[in-house]
Amino acid sequence: MAQGSTSSTVHDVVIIGSGAGGGTVTKVLADMGIRVLLMEAGPMLTMDDFKTLASPLDAWHRGAGDAATLYSSGQGAGPLNTSVVFPPSTIDEPYTVAPGSQFRWSRSRCIGGRTNHYGRIQLRYSDYDFKNKSMKGVGFDWPISYDDLAPYYDKAERFIGVTGRAEGLRSAPDGIFQTPAPFRPHEHLIYRSCEKLGIKATSSRQAVITSALNGRPACIYCGQCGRGCRFGSNYASSYVQIFPAIATGRVTVLANSMARELITDASGKVTAVSYIDKTTGEERQVRCRTVVLSAAGCESARLLLNSKSAKHPHGVGNSGGIVGKYLTDTVGFGMSATVPYLRGMPPFAAEGYGAHLYIPWWMADRHNELDFPLGYHIELGGGGFATPALGFGAQAIAQHQGYGLPMKQAIRDTYGSGTTISLSGRGSTVPNDNSYCEIDPDGTKDKWGIPVLRFHWKWSDYELNEARHMRESFTAILETLGGTVTVPGGRGRGAGPGAAAPGVAGQGAAGAPVAPPGAGAGAAGAPPAAGTAPIAAEPAPTQPPDNRPQLGAGGGIIHEVGCVRMGTHADNSVVNRFCQVHDAPNVFSADGGPFASHGDKNPTHTIIALAWRTAEYLAEEMRKGNV
Ligand SMILES: Cc1cc2nc3c(=O)[nH]c(=O)nc-3n(C[C@H](O)[C@H](O)[C@H](O)COP(=O)(O)OP(=O)(O)OC[C@H]3O[C@@H](n4cnc5c(N)ncnc54)[C@H](O)[C@@H]3O)c2cc1C
Ligand code: SF4
C-alpha cells in the first residue's frame, strides 16, 4: 500500500501521461470547460526545446572528441542528434525480457511523450482492421467498427491537419486532407514502377499542415520534423494540444511525477493516484473523481497490475487476467537499392516533410491468394538531395578519395541519401498468447521501488510469411525502376523522419535489463544523461532455415499496442467499447492499450481518435453523474 502526503482537493479528472492519448484528452476536456490535472513522468518543455533548423555547429560535441568519431563512423547518431527524446535511464527505470524472447521498449519521458519526435505518418484503420475475426478469420474483433470511429478521425484531421489525396481505397480510408507536397523525382520513379506492377501508390498521409490551421503556420519544408517543429506546423501533443489547453487556465500540470499505483476504497472504487515526485523522490497522492490512463499501453498495464487491493487482488481491471495480454507491434522489413538513373542529376529542390509518397496495401480483397491473412503498407526513404543529417560529409570524404570535379560528383551522389532508395514494410500482426507483459516475477524494481515489467515475445507464421511477401514485392518494385538491391533485408526503421538511427538499437539479452533503441540522449543536443545505459549494437540478423526473413525484436518498430484490450466483458477484455475499465468504471484508458487488433497502419491516428471519443464519453458520464 502506498504511503505519503495526500492532496485535499479532489480533482475531477487526473490524466496520467501526456503523449498522443493524454494530450488529446487534456485538450478535448479543457475545451469542454472541464478542469484536469495532467500528471507526466518527464519534464515540461517549451518551444525552445524544439531544435528545428539547428545547424551542425549546435551539436554539443562541436565535431570534436569521441562523440564526433562515433558520429562520423555512423555508429552513434542517435545520442547526438537534436531530436526531442527523453528516454528514461535504463538503470533507474529498467525492464526485463523473458528467456527466449527479444523485446525492446522505446520510451520518452517528457510533455508530449513520443509525439515530439515520431514520424507523423497518420493513417486511419480500415473496416477490416476492427473486425479481423469476422472478416479475416484471425485474432479478435473490436466491439466498435470503423463507422464508430470515423467521426473522431474527422475531428482529429480537422484539428491537427493531415496531408493526403483521396483515392477511395478500402485499405486506406480517405480523410479530410490538407494538400500534400508534390512527389520528388525518386518518388515519381517509385510511383511509375508501382503502376507497371498494378500497385496503387499515393501521397503520404502526414500530420503536417501545408495551409495555416488554428493559428499554426504552414510547413516551410525544412525536413526536420523528427526534432519537433518550433513553428508548430506538424503534430506533437505538446505544442498542438497541451500548451493551448494550459492557456485555457483549466489544466494543472504535475511534471516529473511518476504514477505508481491507483488507490481504491473498500468498495474497490479508485479514489486517488499515488505518485513519485521525481525531483525529491517523495511519494504523494492526488485524490480524484476519475482517472485516465495515457501512459502508453504497456506502462498503463504496469500501473493497473501494480494496483492491488482486497477488491482487486490481481490488479485493477484484471479480474479476467487480461491486463498485459495480447501485446502487439508492427512487422518491419526493409530493403534498399542503388538507382543509377539518379546519378549525376542536376541539383533540384527536394525539400519537404519526410516521404511524400506511400504505398497502401494493394491486396486487401485478395487474401485467398496469400499465405497470411492481413496486409502491410510501404513507407520509403532515400532518394537524395534533401538536407542531409548532421555529420554528413565525413563518411563521403572517407569513401571518395581525390579532389576536383570527380570528388564533387561523388559527394553529390551521396548528398542526402543520394542514389539510394529504401522501402520499409509496415505490417499487421495477429495477437497471440505468447506475446505479453507481466510484473517481473523475479522482483526487479525501479529506482523508486516500483515493480517493473517483464516482456514475452513471439512472432507467428502469419508475420514471417508477410515479411517474405514484402521481400518479393520490394524486389519487384526496386528492380522495375532500374535499381540494384544493395541491402536485402532488415527491420526497416529509418525510412521516416524522426526514425531511430540504424545500428544503434539496444537488444536485451534474455532476462537482462535492456537499453531503449536509438536512445541515450538527455536534453536535445546535450550529452547523454549520467546513468544512461550504453547503447548496444544490434546483432546481425540470422537467416532462418526456411528462408523467410528474420524479424527483429518485438517493440522494435515502436508501435507497441494492446495489453489493456477493449471487449465486451471483463472475462475477455479490460475496457468496454468506450475505453472504460469494466471492473473500475471511473477509470478510462486513452493510449494504445485498448487496441484489440493490430492493423498495418501506424497506430497514433487511431490512438488520437479513440482518446477523443473517450474524452467526450467521460465528460457526458460526469455530466450525468454516472462517474
Ligand atoms: C522514432 C519514432 C517514430 C514513430 N513514428 C510513428 C509514425 O510515423 N506514425 C505513428 O502512428 N506512430 C509512430 N510512432 C509511435 C508513436 O510515437 C506512438 O504510437 C504514440 O506516441 C503513442 O502515444 P501514447 O499516448 O500511447 O504514448 P506516448 O507518446 O509514449 O506518451 C506516454 C507518456 O506517458 C508518460 N508516462 C509513462 N509512464 C508514466 C507514469 N507512470 N506516470 C506518469 N507519466 C507516465 C511518458 O513519460 C509519456 O510522456 C513512432 C515512435 C517513434 C519513437
Ligand atoms: S518540415 Fe515542416 S513541419 Fe517539419 S519541422 Fe520543417 S517546417 Fe516543421
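R287 sits in strand 8 (residues 282-293); strands here are DSSP E runs of at least two residues, helices are H or I runs of at least four, and both are numbered from the N terminus. The model is predicted, so local features need pLDDT of at least 70 and side-chain atom pairs count only at pLDDT 80 or more, while totals for chains, interfaces and linings use all residues. Residues are numbered from 1 along each chain as its sequence is written, and chains are lettered from A and ligands numbered from 1 in the order in which they are written.

R287 has 16 other C-beta atoms within 10 Å, so it counts as partly exposed. The cut-offs are 20 or more such atoms for buried, 12 or fewer for exposed, and partly exposed in between, with C-beta atoms placed from the backbone. The C-alpha atoms of R287 and V10 are 4.8 Å apart, although 277 residues separate them along the chain. Leaving out residues up to four places away in sequence, R287 touches T6, S7, T9, V10, H11, T271 and A272. Contact means C-beta atoms, placed from the backbone, within 7 Å.

## Ligand shells

Ligand 1 has 41 residues around it, and G17, G19, G113, G119 and N602 come nearest. A residue is near a molecule or strand if its C-beta atom, placed from the backbone, lies within 6 Å of it. Helix 1, strand 6 (257-264), helix 8 (297-305) and helix 12 each supply at least two residues of this shell. Helix 1 gives the most, with three. By class the shell holds 17 nonpolar, 18 polar and six charged residues. Nonpolar covers Ala, Val, Leu, Ile, Met, Phe, Trp, Tyr, Cys and Pro; charged covers Asp, Glu, Lys and Arg; the others, Gly among them, are polar.

Ligand 2 has 14 residues around it. C219, C222, C225, C229 and S233 come nearest. Its shell has nine nonpolar, five polar and no charged residues.

## Helix 1 against helix 12

The axes of helix 1 (residues 20-31) and helix 12 (residues 604-624) come within 8 Å and cross at roughly 35°. Axes are lines fitted to C-alpha atoms, for helices over the stretch in contact, with angles from 0 to 180 degrees between N-to-C directions. Helix 1 contributes A20, G21, T24, V25, V28 and L29 to the contact. Helix 12 contributes T604, I607, I608, A611, W612, T614, A615, E616 and A619. The contact has ten nonpolar, four polar and one charged residues.

## Strand pairing

Seven of the eight residues of strand 9 (residues 331-338) are buried. Strand 9 pairs antiparallel with strand 12 (residues 420-427) over eight bridges; pairing requires at least two DSSP bridges between the strands. A337 has I421 as its bridge partner in strand 12. Strand 9 also runs antiparallel to strand 15 (residues 484-487), joined by three bridges. There, T338 stands opposite T484.

A separate topic is the open sheet of three strands, with order 3-14-13 and mixed pairing. Strand 3 (96-97) and strand 13 (436-439) are its edges, each pairing on one side only. Strand 13 and strand 14 (residues 453-456) are antiparallel, with four bridges. E438 pairs with R454 in strand 14.

## Positive phi in two loops

N256, in the loop between strand 5 (251-254) and strand 6, has a positive phi near 50°. It is partly exposed because 18 C-beta neighbours lie inside 10 Å. C579 lies in the loop between strand 15 and strand 16 (587-589), with a positive phi near 65°. C579 is buried because 27 C-beta neighbours lie inside 10 Å.

How values were computed:
Contact = placed C-beta atoms within 7 Å.
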